[in-house]
Amino acid sequence: MKTLSVVIPFFQRKPGVLGKTLQSLEAQTIPQGWQLRAVLIDDGSPLPARQEVVGYELTGPRTMHLVEQVNSGVGAARNHGLKIAIPKSDAIAFLDSDDIWPSDHVARAIAALDEGFDFYFTDNRRAGRHESHVRSPHVPRTAELISEENKNSGIVELPIDKIVGLCLREFPYQASTVVYRKKIAPLLRFSTHLKSSGEDVLFFTELLARSSRVGFDLDSVVECGESVNIFFSNLGWDASRLLNIKVDRLLTHGVLAKAGFLGENNKALNESRINTFTGELSFHLLRNLLKNLGKATPQAWRLLKTDLGAGIRVFAGFPQAIVGKLLGKSAPAEAD
């Protein structure tokens, strides 16, 4: 019997959200010879997962394993889940605790693995934001790459080098859409130092680089929820965690610059991302140092302590940020 393990980090305040996610697991069609094992990690949630799972039993060949830990962040929660799942798994999937899989998600993913794909992912929709992430304005190059195959249905195989580059530039994935073959990266884990952004970019970039074949499913869409989302709820200029996100994005690409799995083209692309994020952080850090010293200082110190070179470049960008402001430019533009 083969096992697909589903790692579910849980941190919620709204009752009933997890129940819908578990219902979508129970509704899955499980191919013969496979079993589904949900590993639910309560990451010190203010609403206990133990309370939320009452009345939502999974039936065979589906089982659930609940673990409770002190709040450590989504990366640490997923790592705890991977530690439990990896030894007894043939394939790994992620499912956020407010997301919903279509009933054939597992069957379609396993069929793709049986066809020789190492990494399988689908589109996703997010209420109030987009009906199709890969066709949204946020990931135009991903849509272009998929459309080059001239297919309307089935699995589109994507070139490894190009899809790694898209992970660096656009990040067209959402964790809940991904299923991968365990053996391609059994020791790979999420960064626990990046709390607001980037831990998924690091993980999936390396996972893609280690894959031999990557497939996108044209016929499936995962429903993404909005209950607790640190990233999307903190993108406004005065959001409480905007600086955290900006620092984490720069640190993420600094780590990737030192990694050994990027090809030459993607190394150059990553360097351009570093330049862009350096300029963005210079602007926002200077703005916050002038407006709210108490909020900006810890992030400035964290950046310098973690990557001194990156911190120096950010501070060296202050004059350019000031000149840009004087010229009427509100913030550095995202690189094309």
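Because the model is predicted, local features were considered only at pLDDT of at least 70 and side-chain atom pairs only at pLDDT 80 or more, whereas totals for chains, interfaces and linings use all residues. Residues are numbered from 1 along each chain as its sequence is written, and side-chain values use heavy atoms, with hydrogens and water left out.

The protein chain comprises twelve helices and eight strands; helices (H or I, at least four residues) and strands (E, at least two) are DSSP runs, numbered from the N terminus. Along the principal axes, the C-alpha atoms fill a box of roughly 65 × 45 × 35 Å. The accessible surface of the protein chain is about 15,200 Å², 54% of which belongs to carbon and sulfur atoms; accessible areas come from the Shrake-Rupley method with a 1.4 Å probe, and for residues only the protein chains shown count as cover. Of the 336 residues, 54% are buried, where buried means under 20% relative accessible area, exposed over 50%, and partly exposed in between (1.4 Å probe, protein chains only). Among contacts (heavy atoms within 4.5 Å) between residues at least 6 apart in sequence, 82% join residues at least 24 apart.

Strand β8 (residues 214-224) is largely enclosed by the rest of the structure, since eight of its eleven residues are buried. Pairing of two strands requires that DSSP find at least two bridges between them. Strands β5 and β8 run parallel and are joined by eight bridges, with Phe-119 having Val-214 of β8 as its bridge partner. Strand β6 (residues 155-158) pairs with β8 in the antiparallel sense over four bridges; here, Asp-217 of β8 is the bridge partner of Ile-155.

The structure contains 15 salt bridges, each defined as a side-chain nitrogen of Lys or Arg within 4 Å of a carboxyl oxygen of Asp or Glu. One of them connects the side chains of Arg-108 and Asp-219, at 3.2 Å from N to O. Arg-108 belongs to helix α4 and Asp-219 to strand β8, so this pair ties together parts that are 111 residues apart in sequence. Both residues are partly exposed, Arg-108 with a relative accessible area of 25% and Asp-219 at 35% relative accessibility.

A salt bridge also forms between the side chains of Asp-118 and Arg-181 (3.1 Å, N to O). This pair links distant parts of the chain, 63 residues apart: Asp-118 in the loop between α4 and β5, and Arg-181 in strand β7 (residues 179-181). Asp-118 is buried, with a relative accessible area of 8%, and Arg-181 is likewise buried, at 18%. Apart from neighbours within four places in sequence, the residues in contact with Asp-118 are Leu-113, Val-179, Tyr-180, Arg-181, Ile-184, Ser-211, Ser-212 and Arg-213.

In the salt bridge of Asp-123 with Arg-135, the closest N and O atoms are 3.3 Å apart. Asp-123 is buried, with a relative accessible area of 4%, whereas Arg-135 is exposed, with 55%. Elsewhere, salt bridges that share partners join Asp-104, Arg-108, Asp-217 and Asp-219 into one network.

In helix α11 (residues 308-316), Ala-310, Gly-311 and Val-314 are buried. They cover an arc of only 100° around the axis and therefore lie on the same side of α11; the arc is that of the directions from the helix axis to the C-beta atoms. An α-helix has 3.6 residues a turn, so residues three or four places apart point the same way. The face of α11 turned away from its buried side carries the exposed residues Leu-308 and Ala-316.

Ile-163 is located in helix α6 (residues 160-169) and counts as buried, at 0% relative accessibility. Beyond its neighbours within four places in sequence, Ile-163 is in contact with Phe-121, Leu-158, Tyr-173, Leu-208 and Val-214. The C-alpha atoms of Ile-163 and Ile-245, which are 82 residues apart along the chain, are separated by 23 Å.
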